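I opened this model to look up a few backbone details, the folds of the chains and the contact between them. My notes follow in the order in which I went through them.

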Amino acid sequence: MSIHTISIDGQTVPFEDGDTVMSAATRAGIYIPHLCHNPEFTPHGSCKLCTVKVNGRNCTACTFPADEDQTVLNNTPELTELRRTITQMLFVEGNHFCPSCEKSGNCQLQAVGYHLNMLDGHFPHFYPSREVDASHPDILLDRDRCIYCELCVRASREADGKNVFAIAGRGVLNHLVVNSASGLLKDSDLQASDKAADVCPVGAILVKRHGFEAPIGARIYDRQTLAEASLAREMRPEGAENE
Amino acid sequence: MSNKIKVATTSLAGCFGCHMSFLDIDERILDLAEVAEFDRSPITDIKHCSDKVDIGLIEGGLCNAENVHTLREFREHCKILVAVGACAINGGIPAMRNHIPLEECLEEAYLHGVGVENPRIPDDPELPLLLNKVHPIHEVVKVDYVLPGCPPSADVFWKFLTDLASGREPSLPYELVHYD
């Protein structure tokens, strides 16, 4: 079997047939920032945080197939700036009030902000009006924090076989909808033990009565950087757990 | 004439937690006093800035007309304006009222809230008019630096001020950047 390789920031990285730039990088222990990507589910390519330069062109590493003769740039000041801007836009288009969020310290959006040394939102805040759905006895849906990564959509479809979630609307009217006659979570098939209830990278879908279990200083990203935590989680071949 | 840097601080719609955190630099405040002197600040109880201040630290967002007035006056007197904490940077906790109409907020607080006695919405002419929404300060004035956190830790204040006092471009290392 011939050994295929690509170059990422000058490092030679082997890849296998079917690999994306992201999967090859992760296996080699190279962190590429991402939010909508989770190796357990079909790549989505929506958040654009994993944008890398492949032979001079911007591509999303989570969807772009690795191939011979690829020179990939990942950790550059230009891409960091681009990713920081994307993260700032994600923050200002939702209602992300970290001090009041029980996901704080375990939130990937927050941690990617730290990783990129994002200090503020830069842009004017939208402060959109979004519905909170607290109807379910065990699960809270706070759309203020949704970043439309569709991980819950994919997890419900691919892991739980239920199709509880979908994204509806366009542009600023984009919103997460629940597949039930009333549109409420309580009338859906979602259960707290479902992957979809556990996969949200931010605090939009939370299992109730589990908030603030780890004190400040002992939360995931208090102890580890996002790069360390992400690689440790995703380099595992099977059964990677999400926080 | 002292050649110490002049530092002013003030608060808008916030909880004063950022000021409390600043004071958590503890005995290092004596080292700071070697190179800096406090101008307008709750610490000195000086109500208005001197003509020109080198560094102005401001916590809190804009929730009423008085906040806007205070911010503009403060900006005018500060060579370097620093937005301190979540409320100044993104409106913070006060901005959680932004998707609720102001009338409903006032009615809930003063008319229909649990335990309200003698329900009446305060209307004294001395009370500053509330803004429809809470805004971060960069939407009204130019901000030179931001210190994230709710509140930023004492080490953040210390690192930032000592960087500036030594003539270095201020920068926060990874471990000091927090949004909560």
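Entry 1, backbone of chain B. I started in the loop that runs between strand S7 (145-147) and helix H6 (154-165) of chain B, where Pro151(B) sits. The model is a predicted one, and I read every value below as computed from it. The peptide bond between Cys150(B) and Pro151(B) is cis, with omega at about -5 degrees.

I then looked up Asp69(A), which belongs to the loop between strand S4 (57-60) and strand S5 (71-73) of chain A. Asp69(A) has a positive phi, near 65 degrees, although the residue is not a glycine.

I listed six helices and seven strands for chain B. In sequence order, I noted the pattern β-α-α-β-β-β-α-β-α-α-β-β-α for chain B. Along the principal axes, I found that the C-alpha atoms of chain B take up a box of roughly 55 × 35 × 30 Å.

For chain A I noted six helices and 10 strands. Its radius of gyration is 18 Å, close to the 18 Å that the globule rule gives for 243 residues, so chain A is as compact as a globular protein of that length. I read the span of the C-alpha trace of chain A along its principal axes as about 55 × 40 × 40 Å.

I followed an open sheet of three strands in chain A, ordered S6-S7-S10 and paired in the antiparallel sense. Strand S6 (132-133) and strand S10 (205-207) of chain A are the edge strands, each pairing on one side only. Strand S7 (residues 139-142) of chain A is joined to S10(A) by three bridges, also antiparallel. In S10(A), I found Val207(A) opposite Ile139(A).

How many residues of chain B are in contact with chain A? I have 25 residues of chain B against 31 residues of chain A. The buried area between the two chains is about 2,200 Å², and carbon and sulfur atoms give 61% of that. On the side of chain B, Tyr174(B), Tyr179(B) and Asp180(B) lose the most area to chain A, and together they make up 34% of what that side buries.

On the side of chain B that touches chain A, helix H4 (85-90) and strand S6 (130-135) of chain B supply at least two residues each. I sorted the residues of that side into 14 nonpolar, eight polar and three charged.

Note on methods. Residues are numbered from 1 along each chain as its sequence is written. Chains are lettered from A and ligands numbered from 1 in the order in which they are written. This is a predicted model: local features need pLDDT of at least 70, side-chain atom pairs count only at pLDDT 80 or more; totals for chains, interfaces and linings use all residues. Side-chain values use heavy atoms; hydrogens and water are left out. Contact means heavy atoms within 4.5 Å. Buried area is the accessible area (1.4 Å probe) that two parts lose on being put together, summed over both. Helices (H or I, at least four residues) and strands (E, at least two) are DSSP runs, numbered from the N terminus. Ala, Val, Leu, Ile, Met, Phe, Trp, Tyr, Cys and Pro count as nonpolar, Asp, Glu, Lys and Arg as charged, and the others, Gly among them, as polar. Two strands pair if DSSP finds at least two bridges between them. The radius of gyration is taken over C-alpha atoms; the globule rule is 2.2 Å times the number of residues to the power 0.38.
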